[in-house]
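Reader: I am new to reading structures. Can we go through this one in short steps?

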Amino acid sequence: MASQVLTNTKVWVDQYDVSGQLNAVAVEYGVDALDDTTFGDDTRSNNGGLKTTSMSHEGYWAAGTDAALFSKIGGSTVVTIAGAGSTIGDDAYLAQTLTTTYSPGAAIGELLAFSVEMEAAGPLLRGALLANNTETGNGDAAPQQLGAVSATQKIYGALHVTSCTGGTLTVKIQSDSTSGFAAPTDQITFTAATGATAQFSSASGAITDTYWRALWTLTGGSASFIVSAGIGD
């Protein structure tokens with residue numbers, strides 16, 4: 001079994017790439033255990049209830065990151081975590097979260113550090129990075145085979161625009177039945193961005209296409225952005 005050493009993990013929180021300040025990340029995904037033990041049972045049994053998600057990140061304080069995380073307390077936050085790095089196609093976790101705790105601190109003589117805790121504000125998805133680009137014009141990224149979306153599922157997408165200067169950026173997530181994208185279908189169209197921002201959106205199944213890609217149009221200026229996507233209930 002191949003193991004993985006975390007050396008270049010990427011974490012985006014809304015429009016901020018906070019990877020350079022972090023040295024620890026954790027995602028906890030679980031389900032409520034509901035006791036359904038009845039008379040006649042000799043062992044306690046449980047049934048699965050609501051799913052739970054929490055995230056915990058730690059790192060070293062920096063003014064920009066401090067301002068960003070401080071402002072997120074109590075609000076909905078779009079998060080993408082890519083454990084292996086920032087290459088298109090890398091595995092990624094994406095979610096909307098509620099930032100519940102931000103704790104900067106240190107003892108005398110130590111580096112000022114911080115931790116931040118986040119709880120679910122929606123489903124946790126395991127998907128892939130569809131784009132990680134700095135652009136000055138229109139384009140699209142290499143297709144990724146994420147699979148089909150059943151009638152009870154959705155395709156979810158996260159967009160992190162870390163900068164957009166002097167132009168308007170529109171990003172779409174498209175699907176197709178083949179990797180050549182001869183007849184793509186727009187599944188998610190994010191709201192046009194004229195500055196740094198983040199968005200989280202979804203489209204309902206059934207979608208029989210199995211190939212997915214990010215496509216963008218940029219009218220003027222330049223933009224840096226990340227797109228992640230995953231399929232879930």
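Author: Let us begin with a term. A residue is buried when its relative accessible area is under 20%. Keep in mind that this is a predicted model.

Reader: Is Phe200 buried or exposed?

Author: The cut-off for buried is under 20%. Phe200 has a relative accessibility of 18%, so Phe200 counts as buried.

Reader: How many aromatic pairs are found in the whole structure?

Author: The search covers the whole structure, and Phe200 belongs to one of the pairs, with Tyr156 as its partner. The count of aromatic pairs is three.

Reader: Are the planes of Tyr156 and Phe200 stacked, edge-to-face or tilted?

Author: The ring centres lie 6.0 Å apart. Planes under 30 degrees apart count as stacked, and over 60 as edge-to-face. Here the angle is 35°, so the pair falls in the remaining class: tilted.

Reader: How many residues apart are Tyr156 and Phe200?

Author: Tyr156 sits in strand 11 (residues 154-165). Phe200 sits in strand 14 (residues 197-204). The pair links distant parts of the chain, with a separation of 44 residues.

Reader: Why does Tyr156 count as buried?

Author: Buried means under 20% relative accessible area. Tyr156 is buried because its value is 7%.

Reader: What kind of pair do Trp216 and Phe225 form?

Author: Both residues are buried. Their ring centres are 5.2 Å apart. Their planes meet at 65°, and over 60 is the cut-off, so the pair is edge-to-face.

Reader: Which side chain makes a polar contact with the side chain of His160?

Author: His160 is found in strand 11. It counts as buried, at 0% relative accessibility. Its side chain reaches the backbone oxygen of Asp14 at 2.6 Å. The side-chain partner, at 2.8 Å, is Thr80.

Reader: How many residues are in the largest nonpolar core?

Author: Nonpolar side chains tend to be buried together in soluble globular proteins. Strands 8, 11, 12, 15 and 16 each supply at least two residues of this core. Among the residues with the most contacts inside it are Ile155, Ile173 and Phe225. The core's size is 24 residues.

Reader: Which tryptophan does Ile173 touch?

Author: Residues up to four places away in sequence are not counted here. Ile173 touches residues including Leu130, Phe190 and Val227.

Reader: How many residues does the second core have?

Author: The second core is separate. It includes Val11, Phe114, Val116 and Met118. Its size is 14 residues.

Notes. Residues numbered from 1 in each chain as written. Predicted model: local features only at pLDDT ≥ 70, side-chain atom pairs only at ≥ 80, totals over all residues. Heavy atoms only, no water. Phe/Tyr/Trp six-rings, centres within 6.5 Å; stacked < 30°, edge-to-face > 60°. Helix = DSSP H or I, 4+ residues; strand = E, 2+ residues; numbered from the N terminus. Buried < 20%, exposed > 50% of the residue type's maximum accessible area, 1.4 Å probe, protein only. Polar contact = N/O pair within 3.5 Å; in protein donor to acceptor, adjacent residues only side chain to side chain. Core = buried A, V, L, I, M, F, W, Y, C linked by side-chain atoms within 4.5 Å. Contact = heavy atoms within 4.5 Å.
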